[in-house]
Amino acid sequence: MRVLVTGGAGFVGHNLALYLAERGFDVVVLDSLERSTSFALERLRGRGIPILKVDARFFDGYKNFDVVVHAAAYVSVSESIERPVEYLDNNALGTAKVAYNCARHGARLVYLSSAAVYGNSVRLPVPKDHPINPVSLYGFSKWLGELIVNHLNTVYGLRYVILRLFNVYGPGQNPSYAGVVASFLERALRGEPLIIYGDGGQTRDFIYVDDVSQVILRIIEGDAFDNEVYNVGTGRPITIRMLAEAVKRVVGRELDIVFKGPKPGDIRHSYADNIKLLI
Ligand SMILES: NC(=O)c1ccc[n+]([C@@H]2O[C@H](COP(=O)([O-])OP(=O)(O)OC[C@H]3O[C@@H](n4cnc5c(N)ncnc54)[C@H](O)[C@@H]3O)[C@@H](O)[C@H]2O)c1
């Protein structure tokens, strides 16, 4: 089975490509390399995974794949508020182009969406039928992507699964754009204070990247493209303050914690109701 991972030189994408390649899949990575890391590229090259340097919006080879995992996106909440049109173009229109190509050529689609589509939670844990009310352009752009994917199913019979990922952590996360785990660890290893935006009482649901890959593997192996949406998280809330304390313990250093004002677009509580997940 041939699998294309768009954004496959990014954090989630490259871990997924390695995970699938190790299990015998014929995996190809597509990435503009705009926001990839040398860490990811070295790991992919080390495993002999082909890397196509191209923008997902302008790629014309979708017909060569059975499954496309669409991970390519801009992923920073704060940047999305400053650059809304670029986020809508890349994340929403980009998803339209990828999904339409999948529909035309009969490829099945896994669209990586985000818990950011929910905005501030009115029910906890967050069920997949929770009201959609994104409070950032990032979340809004990911939600538009979902609507487009669903509509292309109605009109063209596209087969898909949408995964709303909660906070993914693991090797190769780019701390410049996202990922509080990566940025805490990076600062801790340099002996710098950990910066918490807000009071640190906000909760997140941190899921290890290989657990996300395992969900995707099961969907592909089981041909479980049921045109549904799933939450992908652990269901266990952790406060940012608890995370900072855990990082201090793991790194074994006495580090200061510095509190700054909350970031715009930051939501208060987020953890998943996973009741319908496959694992
Ligand atoms: N990391 C998380 O915690 C998390 C949480 C929820 C959802 N997601 C979703 O998972 C996906 C992957 O996120 P990530 O954390 O790996 O981000 P990332 O920034 O590490 O990876 C994204 C990759 O996509 C590439 N890219 C961006 N636009 C592209 C385009 N038009 N064509 C080709 N390549 C392009 C970038 O160069 C980068 O390598 C995203 O769709 C994101 O919305 C991630």
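Predicted model: local features only at pLDDT ≥ 70, side-chain atom pairs only at ≥ 80, totals over all residues.
In which sense do strand S6 (residues 160–165) and S11 pair, and over how many bridges? The two strands pair in the parallel sense, and five bridges join S6 to S11. Within this pairing, Leu163 stands opposite Tyr230 in S11.

Seven strands form an open sheet, and their order is S3-S2-S1-S4-S5-S6-S11. The pairing in this sheet is parallel. Its edge strands are S3 and strand S11 (228–232), each of which pairs on one side only. From one strand to the next, the twist averages 20°.

Helix H4 (residues 84–105) packs on the sheet, where H4 touches S1, strand S4 (67–70) and strand S5 (108–114). The direction of H4 makes about 170° with that of S4.

At the other end of the strand order, strand S1 (residues 2–6) and strand S2 (residues 26–31) run parallel and are joined by five bridges. Val3 has Val27 in S2 as its bridge partner. S2 also pairs with strand S3 (residues 51–53), again in the parallel sense, over three bridges. Here the bridge partner of Asp31 is Lys53 in S3.

## Helix packing

| Helix pair | Angle | Axis distance | Crossing |
|---|---|---|---|
| H1 and H2 | about 15° | 10 Å | left-handed |
| H4 and H5 | roughly 20° | within 9 Å | right-handed |
| H1 and H7 | about 60° | 9 Å | right-handed |

Helix H1 (residues 11–22) and helix H2 (residues 38–46) pack at an angle of about 15°. H1 is therefore roughly parallel to H2. In this contact, His14, Ala17 and Leu18 of H1 meet Ala40, Arg43 and Leu44 of H2. By class, the contact of H1 with H2 has four nonpolar residues, one polar residue and one charged residue.

H1 also packs with H7, and the angle between these two helices is about 60°. H1 is therefore oblique to H7. The residues of H1 that take part are Val12, Asn15, Leu16, Tyr19 and Leu20, which meet Val209, Asp210, Val212, Ser213, Ile216 and Leu217 in H7. Of the residues in the contact of H1 with H7, eight are nonpolar, two are polar and one is charged.

The axes of H4 and H5 cross at roughly 20°. H4 is therefore roughly parallel to H5. Among the H4 residues in this contact are Pro84, Tyr87, Leu88, Ala92, Ala96, Tyr100 and Ala103. On the side of H5, the residues include Leu137, Tyr138, Lys142, Leu144, Ile148, Val149, Leu152 and Tyr156. The contact of H4 with H5 divides into 15 nonpolar residues, four polar residues and one charged residue.

## Two local features of the backbone

Most residues other than glycine have a negative phi, and most peptide bonds are trans. Two places in the model depart from these patterns.

The peptide bond from Leu124 to Pro125 is cis, and its omega is near -10°. Pro125 belongs to the loop between S5 and helix H5 (137–156).

Asp223 is a residue other than glycine with a positive phi, near 45°. Its place is in the loop between helix H7 (209–221) and S11. H7 is the helix that packs with H1 at about 60°, and S11 is one of the edge strands of the sheet.

Methods
Residues numbered from 1 in each chain as written. Axes fitted to C-alpha atoms, helices over the stretch in contact; angles between N-to-C directions. Helix = DSSP H or I, 4+ residues; strand = E, 2+ residues; numbered from the N terminus. Parallel < 35°, antiparallel > 145°, perpendicular 65-115°, else oblique. Left-handed = near helix turned anticlockwise from the far one by under 90°. Contact = placed C-beta atoms within 7 Å. Nonpolar A, V, L, I, M, F, W, Y, C, P; charged D, E, K, R; others polar. Pairing = 2+ DSSP bridges.
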